[in-house]
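Work through the exercises below with the sequence and the coordinates at hand. Each task is followed by its solution.

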Amino acid sequence: MLEAAELYRTHRGWLIAWLRQRLNCPEIASDLAQDTFVKLLGKQTEAEIRQPRAYLRTIAHGLLVDFVRHREIERTYFEILRDLDAPTIPSEEERIILIETLVRIEVTLSGLPRRAREVLILSRLEGLAYREIAACLGVSLSTVEKDMALALRHCYRIRYES
């Protein structure tokens with residue numbers, strides 16, 4: 001197995017260039033490359049890495065997806081914040097906690113089919129009854145119940161089996 005330091009020396013420049021092509025920002029590309037190697041060090045695997053660039057790209061891609069997701073949620077948050085009155089604007093600490101919570105929710109719900117996500121959100125966030133959700137989505141009550149069961153099982157697995 002290539003030693004982590006050797007992987008870093010050999011592939012860091014390539015990884016930054018790969019990330020830079022996707023981000024068009026050298027600073028963020030450099031940060032994500034660094035995070036990739038930190039994550040690699042955290043894995044402490046004894047298995048031989050036969051294709052180091054493919055392995056590094058897989059780790060970096062996951063970090064890139066997380067970064068883009070986080071940035072999109074943050075952008076949406078600031079758009080909503082612009083419309084609020086000054087007394088209702090959260091503090092910086094509250095903002096960070098809220099954005100991180102929204103990112104975790106997005107990650108959790110991203111594994112669900114679209115309609116099951118909608119059912120869960122309409123029920124839990126909008127407070128709609130199952131019959132109202134069925135009418136809103138144009139599906140049967142039993143479909144809403146099945147989608148809700150799917151969504152709740154999914155959330156349970158994420159919470160307790162990960």
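The exercises cover a pocket, a helix pair and a salt bridge.

The model is predicted, with pLDDT of at least 70 needed for local features and 80 or more for side-chain atom pairs, while totals for chains, interfaces and linings use all residues. Residues are numbered from 1 along each chain as its sequence is written, and side-chain values use heavy atoms, without hydrogens and water.

**Exercise 1.** Determine which helix gives the most to the lining of the largest pocket.

Solution. Step 1: on a 1 Å grid over the protein atoms alone, a pocket is an open set of points with protein on both sides within 12 Å along at least five of seven lines, and lining residues have an atom within 4 Å of a point. Step 2: the lining includes L102, I105, L109, L120 and C155. Step 3: α4 (92-109) and α5 (114-124), helices being DSSP runs of H or I with at least four residues, each supply at least two lining residues. Step 4: α4 gives the most, with five residues.

**Exercise 2.** Classify the angle between α5 and α7.

Solution. Step 1: the axes, lines fitted to C-alpha atoms over the stretch in contact, come within 8 Å and cross at roughly 90°. Step 2: angles of 65 to 115 degrees count as roughly perpendicular, and α5 and α7 are therefore roughly perpendicular to each other.

**Exercise 3.** Locate the salt-bridge partner of E79.

Solution. Step 1: a salt bridge needs a side-chain nitrogen of Lys or Arg within 4 Å of a carboxyl oxygen of Asp or Glu. Step 2: the partner is R75, with the closest N and O atoms 2.2 Å apart. Step 3: E79 and R75 are four residues apart in helix α3 (residues 52-82), so about one helical turn separates them.

Terms used: 1 Å grid on protein atoms, 1.4 Å probe; cavity = no way out; pocket = protein on both sides within 12 Å on 5 of 7 lines; lining within 4 Å. Axes fitted to C-alpha atoms, helices over the stretch in contact; angles between N-to-C directions. Parallel < 35°, antiparallel > 145°, perpendicular 65-115°, else oblique.
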